[in-house]
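Reader: Please show me the model, and then let us go through it by question and answer.

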Amino acid sequence: MYLVLLNKKIGAAIKYALSKGFHIHPNVIQTLEEIDGDELEGIIRDLIREKTRQRLFRINQEDLEEFLGIKDGGTLQNNHLILNDPTKKITSGEGIDGYSALFTDRFAKLKKIISNRPESKTLKSISSTMVVKLKDEVCICGLVTERKSERNIVKLVIEDLSSSIEVIVFDEELKKEAEGLLLDQFVMIKMIPTKSGGYMARSIILPDVPDRTINHSETEAHAVFLSDLHIGSKYFMEREFEEFTKWLGSTDSVARKVKFVLIAGDMVDGVGIYPNQDKELVFPTIESQLTRLEEVLAKIPDHIKVFMITGNHDPGRRALPQPALPEKYNKNLWDKENYYLMGNPSTVSLNGVKVLMFHGQSVDDIVKTTPGLSYDKPAKVMKHLIRARHLSPIYGSQTPIAPETQDMMVMEDVPDVFHTGHVHVVDLDMYRGTLLINSGAWQSQTGFQASVGITPTPGIAVIVNLKTFKVYYKDFK
Ligand code: D5M
Ligand code: FE
Ligand code: ZN
């Protein structure tokens, strides 16, 4: 090996390996030449440490490529299947008729889910409870239309397709559960009639998640979870995002394994979304923002598949479920082979791992109306959603819901990963085997957020090994 003929940094790296007693195969040079010179020293040191630990004192091209994830990367699977996307299903029924169909469908879907539970065997319609005798336990199900805490009781009003009923909760433990119920969520309640002609709850049962086997990828393909880019806003962290895309294309051993990037909405900042927004936009039109989006994403390497849904700042419609970014604006993205534009919410399988993506608009209403929940712990809100098996239960508050004839916000399948954004705070949790990820943002704190006390954690990429479910954070701030 003629060290004098090599570039200085490669020469130094090889000299270092030789000085540690390593035998270097000449075919290593070719791979070393592909590595950024500034990273070489660190890579060689790490490799030598690893090899010394294994007591193997030879380095050939294959070892090096495996270590860098190049070889491995080539053999990592990147299969995907879009399991659910509302874009083509959106119809919008009209007015009252539409909403009555929507709630009938919500009731039917959730009743079907809860019917797998043994408690449901004695289920009765609310109207038929009027004839039960005192002390007989009855079981009903329906949507929670009211929830009131009064001195030492909680009052719930439950509505099914036949009627509605008020149920009183006395028990301390049960009161906590009742207070955590989301308005318009579906529940099953076991209750007994009281002497005064009312009903008292004995247990509250949610649709929830059954025990099940979690899906894993067979190979260690990694997925990166992002959201809330807000391109067009002067607060979009362009430099940090560029660092991130550069890292994706680097020889870093984790970056090499990234096969998927998922973005949970608020791709652009939009126009006219909040008062005086025009003063905070560097790209003032939706067209210019979407063009900029394409430019920013273009730096993601082509071998990575990119999945994106829409959020409340994106064009299309505001009401849930939302369609994908319109093809008329983003023909280039639609045409790119490795890009998948989907509506909100959508489900995609990555090497068999089911990922439910939802922007997370409903979190605003839930945080406002449910004791014990807050913006700084969005994964806790996600836990409530998954137990309710519904992504946006509260109707008639801030989150607009379209009068579709089918309720596409019911969580019919249990995901392996539940991915949301909107809150701009990175938060993680696990619930009965499902990994809950709120993926933060790439927009620094806006004036509006400061005024309402929201402290975002922007510039962080959440990375998941789809085989082991090991989670990494990478902070680009
Ligand atoms: O939402 C960014 C953050 O701001 C997120 O935490 C929700 C919060 N937010 C958004 N709109 C409102 C309103 N109207 N009231 C209170 N909090 C809100 P983004 O969708 O990116 O604007
Ligand atoms: Fe956002
Ligand atoms: Zn949002």
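Author: Buried means under 20% relative accessible area, exposed over 50%, and partly exposed in between, with a 1.4 Å probe and protein chains only. Helices (H or I, at least four residues) and strands (E, at least two) are DSSP runs, numbered from the N terminus. The model is predicted: local features need pLDDT of at least 70, side-chain atom pairs count only at pLDDT 80 or more, and totals for chains, interfaces and linings use all residues. Residues are numbered from 1 along each chain as its sequence is written, chains are lettered from A and ligands numbered from 1 in the order in which they are written, and side-chain values use heavy atoms, with hydrogens and water left out.

Reader: Which residues are buried in α4, and what arc do they cover around the axis?

Author: The buried residues of α4 are Gln61, Leu64, Glu65 and Leu68. The arc is taken from the directions from the helix axis to the C-beta atoms. These residues lie on the same side of α4, because the arc they cover is only 95°.

Reader: At what angle do α3 and α4 pack?

Author: Axes are lines fitted to C-alpha atoms, for helices over the stretch in contact, and angles run from 0 to 180 degrees between N-to-C directions. Angles under 35 degrees count as roughly parallel, over 145 as roughly antiparallel, 65 to 115 as roughly perpendicular and the rest as oblique. α3 is therefore roughly perpendicular to α4. The axes of α3 (residues 37–54) and α4 (residues 61–68) are 11 Å apart, and the angle is about 105°.

Reader: Which residues meet where α3 packs on α4, and how many are nonpolar, polar and charged?

Author: Contact means heavy atoms within 4.5 Å. From α3 come Ile43, Asp46, Leu47, Glu50 and Lys51, and from α4 come Asp63, Leu64, Phe67 and Leu68. Ala, Val, Leu, Ile, Met, Phe, Trp, Tyr, Cys and Pro count as nonpolar, Asp, Glu, Lys and Arg as charged, and the others, Gly among them, as polar. By that scheme the contact of α3 with α4 has five nonpolar, no polar and four charged residues.

Reader: Which protein donors coordinate the iron ion (ligand 2), and at what distances?

Author: Donors are N, O and S atoms within 2.8 Å of the metal (3.2 Å for Na, K and Ca); water is not among the atoms, so sites may look incomplete. Along the chain the donors of the iron ion (ligand 2) follow the spacing D-x1-H-x35-D-x157-H. They are Asp228 (OD), His230 (NE2), Asp266 (OD) and His424 (NE2), at 1.9 to 2.3 Å.

Reader: Is Asp228 buried or exposed?

Author: Aspartate 228 is found in the loop between β9 (222–226) and α8 (238–248). Its phi is positive, about 50°, although it is not a glycine. With 0% relative accessibility, aspartate 228 is buried.

Reader: Which elements cover the buried residues of α7?

Author: In α7 (residues 172–179) the buried residues are Leu174, Lys175 and Ala178. They line one face of the helix, because they fall within an arc of 105° seen down the axis of α7. On the other side of α7, Glu172, Glu173 and Lys176 are exposed. The cover of the buried residues includes β4, β5 (153–159), β6 (164–169) and β8 (199–205).

Reader: Where is the cis peptide bond of proline 321, and what is omega?

Author: Proline 321 is placed in the loop between β11 and α10. The cis bond joins leucine 320 and proline 321, and omega is about -10°.

Reader: What share of the residues in the protein is buried?

Author: The protein has 13 helices and 19 strands, and its C-alpha trace spans about 95 × 55 × 40 Å along the principal axes. Of its 477 residues, the buried share is 53%.
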